Amino acid sequence: MNVFDPFAFRQCFPFFNDNEAGSAASIYFDSAATTQKPQVVIDCLNNFYQQQNANVHRGSYQLSAAATSQFEQARVVLQAFINAPSIQEVIWTKGTTEAINLVATSWGLNNLKKGDEILLSYAEHHANFVPWQVVAQKTGATISVLPLTRTGIIDTSKLNSLVNERTRIVCCSHVSNVIGKLNPIEKIIARAKQVGALTLIDGAQAIAHYAIDVQAFDCDFYVFSAHKAYGPMGVGVLYGRKSLLNAMSPYQLGGEMIKKVSLTETTYNDLPFKFEAGTPNVAGCIAFAKAIYFLKQFDESLNVYEQQLVQYCYQALKTIPQVRFLVEECPDIGIFSFTVAGHHNQDIASGLDSFGIAVRNGHHCAMPLMEYLKVTGSIRLSLAPYNTQAEIDFFIDTLKKIITNYQLSTDKRVLITASGNEKSMTINSDNILALFSSLKGWDARHRQIMLLSKKLTKLAPEQRSQKNLITGCESKAWLNVSKTVENTYIFTADSEAKIIKGLLVIVLAAFNDKTAEQILAFNIEDYFKKLGLLSHLSPSRSNGLNAIVKKIKSTVKEL
Ligand code: PMP
């Protein structure tokens, strides 16, 4: 076994070229959402479109034949990667989501009926929940759900009772995208077989970390996306047992999936083409094979390094008393989900973002899991082997700083300027603009927004009602309005998240004490632009801001 060199690995990714490990420039801790792409994958995509672009399976010219050959060769690479018995069992899809939808539609809708059961687990991504829910609604089948142990894996002690003669299919993740724990899929598959139920394994989070052998697993379907294993977005694979795929009807209809079409009748193509209607993502599939080659050149030492990083991060997070992990024990792969006591997830995530650290916050497309674990969401940090201990150190220091800073500055009386000086001033749009005019960079602006959040007076519980809720905000936010005798409006607002509170202060500064005409005429876009906010806010947060403004404007129109 060689010694894995994370810095050499990192250098394969142009994304990191300008970013020193551990600097505040850009620390990418969201590889569970999508990994960065190595140069070889980017080059492969470029080369295809620059020099080899032609559609596959159609042209009688050399260019098309060459594209077809590369495309089919990529399928062979993927077949070997998952040890599928036949090339006909490797279906290209857009990704995990499409692969699951394909099985749910083509197999589920045609094979399930009232009295049948679909067995899922609480740890499933919405992609492995919603399609089955709809199939259940349409066929009359019911959904049962496997519970989890305290450490977050599927509880196999419940297998015997939950997998029974009514169970027709068991669908579960190989590794949860929230918990990062390896599920005992071999046991689950074996139990499903005892009752003749099919099995679908969602391998989206597993393929970049574990050897996949569908023959050894003996599952019926295995699905995954390229973009979570250094490949491009918009490509994925459905492995399916040939006998099942042959018996299933096509998912989409059109070109490529047919053998013969007459005015009245169509005969379908053989596998795998029967399930590949339309022009596939040819460049993406070829580049996915390149990503697999890339990954395979590193031996076991890559996994050893990943494990060291996981342990290092887990131990470091454990030193922060406010950190609460969603489940006990260290995760199996680098996915850490936690909350920070006394702080809203969004505030922590946006605070880290202001220091250039990218982590996720929210429900991670796993709302049933959030409900099961009795949390509204979590912060998720996910690692890949291009991350380093220095980055983790920087993250831990930053997180500690964010936690303590928030705790220290609780003075609500005065407006605190970004330089730390306290200044008494009326909060109106001119003063807000003046306050922001000297700020450079998102880091400073973010700090100022957090300071402003302290200026928002808390709304009484009865004012935080469903009626006052602003829909479209990332976190819950409420707005109240009253009209003065001078026909001006007074707005008060509140939110669960400090970052939204700060943004509310900024928005209300522009609209408070104004008439309806002034409110409707105010150019909010220009205001945000002058404040330097537009380029830094994520689309969801911009949507939240727009939702607040929309609510204010619609309210004054109604009153
Ligand atoms: N399942 C799991 C476990 C996932 O992590 C994801 C992606 N977050 C998906 C399914 C959906 O994958 P995609 O968006 O690539 O279709």
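1. Arg166, in this predicted model, is partly exposed, at 36% relative accessibility. Its salt-bridge partner is Glu165, with N and O 3.8 Å apart between the two side chains. Glu165 itself is exposed, its relative accessible area being 64%.

2. Asp494 and Arg464 form another salt bridge, in which the closest N and O atoms are 2.8 Å apart. This pair connects distant parts of the chain, 30 residues apart: Asp494 belongs to strand S19 (residues 488-495), and Arg464 to the loop between helix H16 (441-453) and strand S18 (477-483). Asp494 is buried, with a relative accessible area of 0%, whereas Arg464 is partly exposed at 25%.

3. Which residues surround the ligand? The shell consists of Thr96, Thr97, His125, Ala127, Asn177, Asp202, Ala204, Gln205, Ser225, His227 and Lys228. By class, these shell residues divide into two nonpolar, seven polar and two charged.

4. An N or O atom in the side chain of Asp202 is 2.5 Å from a nitrogen atom of the ligand. For His125, the distance from a side-chain N or O atom to a ligand nitrogen is 3.3 Å. Ser225 places a polar side-chain atom 2.7 Å from an oxygen atom of the ligand. On its own the ligand has 390 Å² of accessible area, and the protein covers 85% of that.

5. How many disulfides does the structure hold? The count is zero. Cys171 is in no disulfide, and the nearest cysteine sulfur, belonging to Cys172, is 7.9 Å away. Cys171 is buried, at 0% relative accessible area.

6. The cut-off for a disulfide is a pair of cysteine sulfur atoms within 2.5 Å. Cys219 also counts as buried, with 0% relative accessibility.

7. Is Ala384 buried or exposed? Ala384 is buried, with a relative accessible area of 3%. The residue is found in the loop between strand S15 (378-382) and helix H14 (389-408). Ala384 and Leu309 are separated by 75 residues in sequence, while their C-alpha atoms are 8.8 Å apart in space.

Methods. Residues are numbered from 1 along each chain as its sequence is written. This is a predicted model: local features need pLDDT of at least 70, side-chain atom pairs count only at pLDDT 80 or more; totals for chains, interfaces and linings use all residues. Side-chain values use heavy atoms; hydrogens and water are left out. A residue is near a molecule or strand if one of its heavy atoms lies within 4 Å of it. A polar contact is a pair of N or O atoms within 3.5 Å; within protein, one must be able to donate a hydrogen and the other to accept it, and residues adjacent in sequence count only if both atoms are side-chain atoms. Accessible areas come from the Shrake-Rupley method with a 1.4 Å probe; for residues, only the protein chains shown count as cover. Ala, Val, Leu, Ile, Met, Phe, Trp, Tyr, Cys and Pro count as nonpolar, Asp, Glu, Lys and Arg as charged, and the others, Gly among them, as polar. A salt bridge is a side-chain nitrogen of Lys or Arg within 4 Å of a carboxyl oxygen of Asp or Glu. Buried means under 20% relative accessible area, exposed over 50%, partly exposed in between (1.4 Å probe, protein chains only). Helices (H or I, at least four residues) and strands (E, at least two) are DSSP runs, numbered from the N terminus.
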